[in-house]
Amino acid sequence: MEEIYANVDFEKPVDATPLTYQTGPTSSKRRLHGALLFLGLLSVLLLAAVIGLCIYSHHLSAESSNLTERLQASDDQLSSLTKQRDLLNVSLMETTKKLERLQSLSGQKKTCPSGWEMFRCACYLFSTQSSSWEESRQDCRDREADLVIIDSSEEQEFLSKTIKQDSWIGLSDRDNEGTWKWMDDTPLTLKFWWNTQPDNGGVERRWGEEDCVHIIRNRKRDSWNDRPCNVSMKWICEK
């Protein structure tokens, strides 16, 4: 027994305290603090994500609205172009029909009745009798024509050179004094008045109210004069 305990150092103290882990209040506080920090960071990230989604959603809404407006504008423009196309098609069809009629007429040789004279595809009758303006017009209408309407310088010169006596034409202001109109109610634009005419009989109106127009003979161009419609003279029919 003495040999067994001979190597034992009885003076060196032996730590008899058992090894334990720190599981007290301080460790619990640290874990709670870390959890709260993590939750706070997660909340910030979630809030940022929500804000980002809101911004993106607003952007998509604005883009959608803008796209809708552009589509509506495109539809309106397309509708306008379609209407213009339809109008152009109608105009083209009408022009084509007129062209076909003109081509058909050009292929036919127009002739005038016996006693009529032709000038630029129109027929003219220079009367041999004299009558009032109204009676002269009625004679033209009985012949399926009317008193002449002058719409060009060439026609005016042709008539002035052809007549032998003063002759009625289809111009008057009987409906409204000073408003000259042709037989088809078109207003007077091209004018060939002689001297100071029309004068409605002048200041004294010696000849009475002058509402009807005739061509003065022996004048080359400006040869129109107003006279009372009941004056008897020759006339010119046109058809």
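Two strands are taken to pair if DSSP finds at least two bridges between them. The legends below describe close-up views of a predicted model.

**Figure 1. Strand β2 is paired with strand β8.** Strand β2 and strand β8 (residues 234–238) run antiparallel and are joined by three bridges. Within this pairing, F126 stands opposite I236 of β8. Five of the five residues of β2 (residues 122–126) are buried, so this strand is largely enclosed by the rest of the structure. The side chains of A122, Y124 and F126 point one way from β2, those of C123 and L125 point the other way, and all of these residues are buried.

**Figure 2. Strands β1 and β2 form a hairpin.** Strand β1 (residues 117–119) runs antiparallel to β2, and three bridges join the two strands. M118 stands opposite C123 in β2. Two residues lie between β1 and β2 in the hairpin, and R120 in the turn has a positive phi of about 50 degrees.

**Figure 3. C112 and C123 form a disulfide.** The sulfur atoms of C112 and C123 are 1.9 Å apart. The torsion about their S-S bond is about -85 degrees, so the disulfide is left-handed. C112 belongs to the loop between α1 (25–106) and β1, whereas C123 belongs to strand β2, so the pair ties together parts that are 11 residues apart in sequence. C112 has a relative accessibility of 22% and counts as partly exposed, whereas C123, at 2%, counts as buried.

**Figure 4. The sulfur of C121 is too far from other cysteine sulfurs for a bond.** Which cysteine has the sulfur closest to that of C121? The closest cysteine sulfur is in C123, at 9.1 Å. A disulfide requires sulfur atoms within 2.5 Å, and the separation of 9.1 Å is therefore too far for a bond. C121 is exposed, with a relative accessible area of 59%.

**Figure 5. C140 and C237 form a disulfide.** The sulfur atoms of C140 and C237 are 1.9 Å apart. With -85 degrees about the S-S bond, this link is left-handed. C140 is in helix α2 (residues 133–142) and C237 is in strand β8, so the pair ties together parts that are 97 residues apart in sequence. Are the two cysteines buried or exposed? C140 is buried, with a relative accessible area of 0%, and C237 is likewise buried, with a relative accessible area of 0%.

**Figure 6. C212 and C229 form a disulfide.** The sulfur atoms of C212 and C229 are 1.9 Å apart. The torsion about the S-S bond is about 90 degrees, so this disulfide is right-handed. C212 lies in strand β6 (residues 212–215), and C229 lies in the loop between β7 (224–227) and β8, so the pair ties together parts that are 17 residues apart in sequence. Both C212 and C229 are buried. A search of the whole structure finds three disulfides. With bonded cysteines counted along the chain, the disulfides follow the pattern 1-2, 3-6, 4-5.

**Figure 7. Strand β4 is covered on both faces.** Six of the six residues of β4 (residues 167–172) are buried, so the strand is largely enclosed by the rest of the structure. S167, I169 and L171 lie on one side, W168, G170 and S172 lie on the other, and all are buried.

**Figure 8. Strand β4 is bridged to β6, β8 and β5.** Three bridges join β4 to β6, and these strands run antiparallel. The bridge partner of W168 in β6 is H214. Strands β4 and β8 run parallel, with two bridges between them, and W168 stands opposite W235 in β8. Strand β5 (residues 181–182) is antiparallel to β4 and is joined to it by two bridges. In β5, the bridge partner of L171 is W182.

Figure 9. The protein averages a pLDDT of 83, and 82% of the residues score at least 70. Where pLDDT is low, the predicted coordinates should not be read in detail.

Terms used: Residues are numbered from 1 along each chain as its sequence is written. This is a predicted model: local features need pLDDT of at least 70, side-chain atom pairs count only at pLDDT 80 or more; totals for chains, interfaces and linings use all residues. Side-chain values use heavy atoms; hydrogens and water are left out. Buried means under 20% relative accessible area, exposed over 50%, partly exposed in between (1.4 Å probe, protein chains only). Helices (H or I, at least four residues) and strands (E, at least two) are DSSP runs, numbered from the N terminus. pLDDT is the predictor's confidence in each residue, from 0 to 100.
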